[in-house]
Amino acid sequence: MSIKNFQILHEKNILEICWSDDHISRFHAKWIRFHCKCVRCKPSVTFDYKIDIPSFSPDLAYDEVKITDEGRKLHVIFEKELFQNHVTEHDADWLRQKCYCDACLECKVNERDVISKHLRSGREKVPPEVDFEEILEDSDRGTFKWLKHVIEEGMCLLKNVPREEKTIKEVASKIATLEETSFGSVWNVMDTGVDNGSYFPIALPLHQDQPTYETAPGLLLLHAFRFDSVVTGGNSTMVDMFEAVEIMRKESPEDFQTFVEVPATWCQVEYNPTSIEPVYLEHQKPHITLDYFGKVVGCVWQPGTQSTLQVHERDVERYYKAHNKMMEIIRRKELQYKFKLSAGDMIIFNNRRMVHARDAYKSNGGVRHLRGTYLRLDHVKSKYLVLGRKLGYDVIPPKVGNNSSM
Ligand SMILES: [Zn+2]
Ligand SMILES: [Zn+2]
């Protein structure tokens, strides 16, 4: 893209650029100056702080603007410039890419919002599948394939995974270092009869794991190490919270607003546990996080570890009203993915997006033993982009539900 013409506006602090496709961008003097790409200003290594913004005049203004290379390069000299004989330089392509007009910002945010694009509203709810064979044949391509399903649809079911203890660690390590929580780095879900609901054969309601942390675990990998055929029940259910929340926003905007404003508290306090280290974990946050652009970028739902509501008197009634509305939405059959894990399956899903549940089960003399681990969403997103680029795919940084759309 090239620059057709420009003009300097206001108190000489806005540069309005007209592009060859007639798009108009406006850049503030400070923005252009502080993002200068010349050798004197551009950091050469991380933390190299060459431009000390407070040292500059607050009245920095455009003095001379020059376009060269047939509209592909911008050179600017500023009034009240701090550096001697300094010319700020920018490539036109970069400037256009970083245009912050309303239309460009909306376009960037929407492009990254793969969650909204892939909500399965009204569509058949079945987890996408990848055969483990594909990872064995081509580790990078196979890994990218399931990763893409997880990024876009929130989950993927890996089939025919070897039933070896080390496998879950091997699959997860292809993405990043395992995320350790109060349950350790790899944990077992089986009927051991101690401490935690997951370890009894009872039903677990729809929930996300460990909102007791400031940053709840990102990706959850669950390997059906044993799921004997004599075991009855234990079926899995999942619901996409981002779908549920958008339904709430549409059907009951006031409840949606309550969930954005009024925080719930989650707590795990175990001073004398038998299977984990003693812990005191507590975190208060709203169920829904919106970003600067009003998009939903975070959802929290875990009635099982929710502790005492500690909010102003005026918010108590409206909190419970919103809570009931959300419960009613996520219990709708048309929102639920229903499936049963088989021995050798590995279900991988975004814990910050999908709520999961399990029916009660009966062992009947058999064993249901799942092995689980977590990965941070930051690492998952990073691996998706790095691996995609390595494989030559056109990947854009996706919204993943970690409270940020960019
Ligand atoms: Zn410079
Ligand atoms: Zn623009």
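What percentage of the 406 residues of the protein chain count as buried? The share is 31%, where buried means that 20 or more other C-beta atoms, placed from the backbone, lie within 10 Å of the residue's own. The model is predicted: local features need pLDDT of at least 70, side-chain atom pairs count only at pLDDT 80 or more, and totals for chains, interfaces and linings use all residues. Residues are numbered from 1 along each chain as its sequence is written, with chains lettered from A and ligands numbered from 1 in the order written.

Begin with the whole chain. Its C-alpha trace spans about 85 × 60 × 45 Å along the principal axes. The chain holds 11 helices and 22 strands, taken as DSSP runs (helices H or I, at least four residues; strands E, at least two) and numbered from the N terminus.

Select residues 10–42. UniProt, in an unreviewed entry, places the domain "Gamma-butyrobetaine hydroxylase-like N-terminal" here; such annotations may be inferred rather than shown by experiment. The span is 18% helix and 33% strand, and its end C-alpha atoms lie 28 Å apart.

Next, select the open sheet of 6 strands, ordered β7-β8-β19-β11-β22-β9 with mixed pairing. Two strands pair if DSSP finds at least two bridges between them. At the edges are β7 (129–131) and β9 (186–189), each pairing on one side only. From one strand to the next, the twist averages 20°.

Zoom in on β8 (residues 155–159) and β19 (residues 346–350), which pair in the antiparallel sense over 4 bridges. Leu157 stands opposite Ile347 in β19.

Definitions and conventions:
A residue is buried if 20 or more other C-beta atoms lie within 10 Å of its own, exposed if 12 or fewer, and partly exposed in between; C-beta atoms are placed from the backbone. Axes are lines fitted to C-alpha atoms, for helices over the stretch in contact, and angles run from 0 to 180 degrees between N-to-C directions.
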